[in-house]
Amino acid sequence: MNKELEFENSIKNILEYIGEDTQREGLLDTPKRVRKAFDFMCSGYNQCPKEIIQKALFTSTNDEMVVVKDIEFYSFCEHHMLPIIGKAHVAYIPNGKVVGLSKIPRVVDVFARRLQIQEQMTEQICDALNEHLKPKGVAVIVDARHMCMEMRGVEKICSTTITSSLRGLFKSDKKTKDEFLSIVSASFQK
Ligand SMILES: [Zn+2]
């Protein structure tokens with residue numbers, strides 16, 4: 001049996017397990033639709049952040065902080081496979097090179113479109129930029145809601161989790177870190 005069919009059968013089993021009639025009209029194509037949705041939502045496994053960054057590097061004398069904030073993302077927690085919905089805020093200080101701005105949300109998606117825990121995703125985005133852009137510093141803040149807490153009734157609805165990862169000047173220089181925080185803190189979800 002091919003992988004696609006195996007996946008669709010697994011979804012059929014889930015539908016049966018929760019008490020559904022897999023033969024009713026609305027559910028006939030559901031296994032296939034779920035598979036296609038997962039192919040997209042988990043497409044990060046097939047993407048390489050190094051390639052995305054290195055194809056869009058440009059020489060620059062700019063050494064001021066570059067901030068891309070409010071990058072919306074959708075991920076899944078690896079413990080329950082339920083959505084993590086949030087925003088990432090990314091900053092770096094160039095060291096002779098800048099990266100095309102549209103690539104930063106793409107790097108976020110490479111790691112968001114996988115099964116994740118928020119802390120790890122934050123680090124992975126930070127490390128990828130640090131390694132392939134080699135800036136003087138990089139900072140990532142992720143602010144997200146976890147459906148595995150909200151839908152299962154574990155935590156108060158709308159509580160958000162904030163994680164951060166800092167490298168280089170953002171770690172060693174308090175002024176740089178404070179400037180970044182003051183730029184992005186207004187964006188934190190209420
Ligand atoms: Zn979870």
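Ser-187 is buried, with a relative accessible area of 10%, where buried denotes under 20% relative accessible area, exposed over 50% and partly exposed the range in between, computed with a 1.4 Å probe on protein chains only. The model is a predicted one, in which local features need pLDDT of at least 70 and side-chain atom pairs count only at pLDDT 80 or more, whereas totals for chains, interfaces and linings use all residues. Residues are numbered from 1 along each chain as its sequence is written, and side-chain values use heavy atoms, with hydrogens and water left out.

Ser-187 belongs to the segment that comes after helix 8 (174–184); helices (H or I, at least four residues) and strands (E, at least two) are DSSP runs numbered from the N terminus. When its neighbours within four places in sequence are set aside, Ser-187 is in contact (heavy atoms within 4.5 Å) with Lys-69, Asp-70, Lys-87, His-89 and Asp-143.

The open sheet consists of five strands in the order 5-2-3-6-7, and its pairing is mixed; two strands are taken to pair if DSSP finds at least two bridges between them. Because strand 5 (115–116) and strand 7 (161–168) stand at the edges with a single partner strand each, one side of each is left without a neighbour in the sheet. Strand 2 pairs with strand 5 in the parallel sense over two bridges, and Cys-77 has Gln-116 in strand 5 as its bridge partner. Between strand 2 and strand 3 the pairing is antiparallel and extends over nine bridges, with Phe-73 partnered by Gly-86 in strand 3. The hairpin of these two strands has five residues between them, and in it Met-81 takes a positive phi near 55°. Strand 6 (residues 137–146) and strand 7 run antiparallel and are joined by eight bridges, and Ala-139 stands opposite Leu-166 in strand 7.

Helix 4 (residues 103–112) lies across strand 2 (66–77), strand 3 (83–93) and strand 5, and runs at about 20° to strand 2; axes are lines fitted to C-alpha atoms, for helices over the stretch in contact, and angles run from 0 to 180 degrees between N-to-C directions.

On the surface, Ile-14, Tyr-17 and Ile-18 form a nonpolar patch with about 410 Å² of accessible area together. Ile-14, which lies in helix 1 (residues 3–17), counts as partly exposed at 47% relative accessibility. Patches comprise residues with over 30% relative accessible area and no salt bridge, nonpolar side chains (Val, Leu, Ile, Met, Phe, Trp, Tyr) being joined within 5 Å and like charges within 9 Å; a salt bridge is a side-chain nitrogen of Lys or Arg within 4 Å of a carboxyl oxygen of Asp or Glu. Accessible areas come from the Shrake-Rupley method with a 1.4 Å probe, and for residues only the protein chains shown count as cover.
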